[in-house]
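Open your viewer and get ready to select a few residues with me. We will go from stop to stop and look at what is there.

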Amino acid sequence: NQIRFVKSALWYHGYGRPELYRLPSDGSAGSRELLLAFSWLLHRISLLEELLARNRVKTGDETSVCTCEDALPNSQKSTTEMAPEYGLEDRIDVRYLQWLNGRLRFQWRSLHAQHQEQCKLLHKIHLFTSGSHMDQILGHFSVTETDLVRQPENYKQLLQLLESETMQLEAFLEWKQLEPVYWQWMETVLDNMAEEGNMCESQDTHIEKNRLPKATSCCSWADGLIGQIDRLSRDLMTFRDQLHKLVTHRKAAWCEKVKTREEELQKEGFSAAVRKIQERVELKLLDLTSLCAPEKKKMHGSCRLVFRSKHPASKTGFSGCVSKEPVSAVSAAEVIRDLQLREASLGRELKQLQKECRQRLDEIAEGLDGVICVPP
């Protein structure tokens with residue numbers, strides 16, 4: 001199960017080397033392929049930086065905020081074409097996928113409810129400890145600081161965590177100094193694998209070339225077998241010509257039918273076509289207004305939660321740093337407004353895609369004889 005999970009995770013991130021997905025599921029081979037995949041992850045997703053950010057000791061109350069547009073890399077767009085060949089070994093029932101989708105939605109709702117409960121508890125802590133912090137910009141304690149005030153003996157555990165993080169950062173700095181040596185070694189590994197692959201291909205072709213003369217010279221029934229193969233090839237050629245004629249005839253008849261149908265639609269559905277064009281133009285105009293708006297600074301990453309209620313002009317904000325100078329902060333209302341605009345844009349795009357899918361399904365259903373499609 002772990003090996004299958006590693007394969008699926010690499011496939012999700014866009015790793016396209018087929019030799020890895022052909023490895024046996026018992027872990028008996030493939031150490032060099034795993035080394036290549038690990039090196040690819042180091043370069044592709046900045047694996048060490050992600051681990052350092054995930055294992056960072058959080059002394060303040062933080063949250064992740066992202067107002068950037070999702071841009072799917074080109075390497076991940078082609079992973080769906082690779083899935084049937086190197087991904088899942090057996091076909092999966094659609095009902096199982098529906099069950100997984102329902103389970104995922106349930107987990108998402110429960111996670112959302114837990115996040116709301118966490119926000120309520122954070123609000124209580126920030127409100128009750130307001131004015132207690134030495135830093136006047138913050139003005140309140142975080143969860144970690146409140147826990148240390150209530151239980152001072154826990155500072156030893158926090159100190160150990162900070163020392164462990166310091167050791168990880170020192171190891172990362174040492175890795176950065178030796179990283180060029182590692183990539184030079186990986187270049188030699190790739191060169192050796194390429195040479196071995198070329199040698200295997202040349203040996204396979206040499207063996208195949210040597211096998212055919214021996215078969216024809218040693219076997220008495222080789223002449224009869226070759227004659228049968230020639231007859232079968234001639235039959236296949238005649239069948240191919242017949243199929244080609246049949247396909248061209250059917251294609252011409254279908255094009256004629258489509259042409260007549262288009263003429264009928266042009267006469268009957270001109271107003272509907274105009275309506276569709278107007279809807280598309282309105283969607284494009286909405287997108288243009290959002291694009292032509294003054295570009296704001298996009299936020300991405302982890303930010304510290306700061307509660308502000310003393311001054312009416314200031315609201316609960318996300319602060320990226322803490323200093324005695326005025327910090328650059330953004331209010332929660334601004335983040336909510338940006339997310340609502342993005343939600344509306346994605347909703348319009350979803351409706352358009354659903355409409356196109358329904359039209360495509362209707363076209364497919366019309367070409368099926370004797371089949372009645374009932375919508376759910």
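What follows is a short walk through a predicted model.

Start by selecting Cys66, which sits in strand β1 (residues 62-66). Its relative accessibility is 31%, so Cys66 counts as partly exposed.

Next, pick Ile92, Tyr96, Leu97, Trp99 and Leu100. Together they make a nonpolar surface patch with about 480 Å² of accessible area. Trp99 belongs to helix α7 (residues 94-128) and is partly exposed at 47% relative accessible area.

On to the charged pairs: the whole structure holds six salt bridges. Select Arg17 and Glu33, whose closest N and O atoms are 2.7 Å apart in one of these bridges. Arg17 lies in the loop between α1 (2-13) and α2 (18-21), while Glu33 is in helix α3 (residues 31-44), so the pair ties together parts 16 residues apart in sequence. Arg17 is partly exposed at 26%, whereas Glu33 is buried at 8%.

Move to helix α9 (residues 155-218), where Lys176 and Glu179 lie three residues apart, about one turn of the helix. Their side chains meet in a salt bridge at 3.3 Å, N to O. Lys176 is partly exposed, at 36%, but Glu179 is buried, at 18%.

Finish in helix α12 (residues 332-366) with Arg360 and Glu363, again three residues apart. Their salt bridge spans 3.7 Å, N to O. Here Arg360 is exposed at 51% and Glu363 partly exposed at 49%.

Technical notes
Residues are numbered from 1 along each chain as its sequence is written. This is a predicted model: local features need pLDDT of at least 70, side-chain atom pairs count only at pLDDT 80 or more; totals for chains, interfaces and linings use all residues. Side-chain values use heavy atoms; hydrogens and water are left out. Helices (H or I, at least four residues) and strands (E, at least two) are DSSP runs, numbered from the N terminus. Buried means under 20% relative accessible area, exposed over 50%, partly exposed in between (1.4 Å probe, protein chains only). Patches are made of residues with over 30% relative accessible area and no salt bridge: like charges are joined within 9 Å, nonpolar side chains (Val, Leu, Ile, Met, Phe, Trp, Tyr) within 5 Å. Accessible areas come from the Shrake-Rupley method with a 1.4 Å probe; for residues, only the protein chains shown count as cover. A salt bridge is a side-chain nitrogen of Lys or Arg within 4 Å of a carboxyl oxygen of Asp or Glu.
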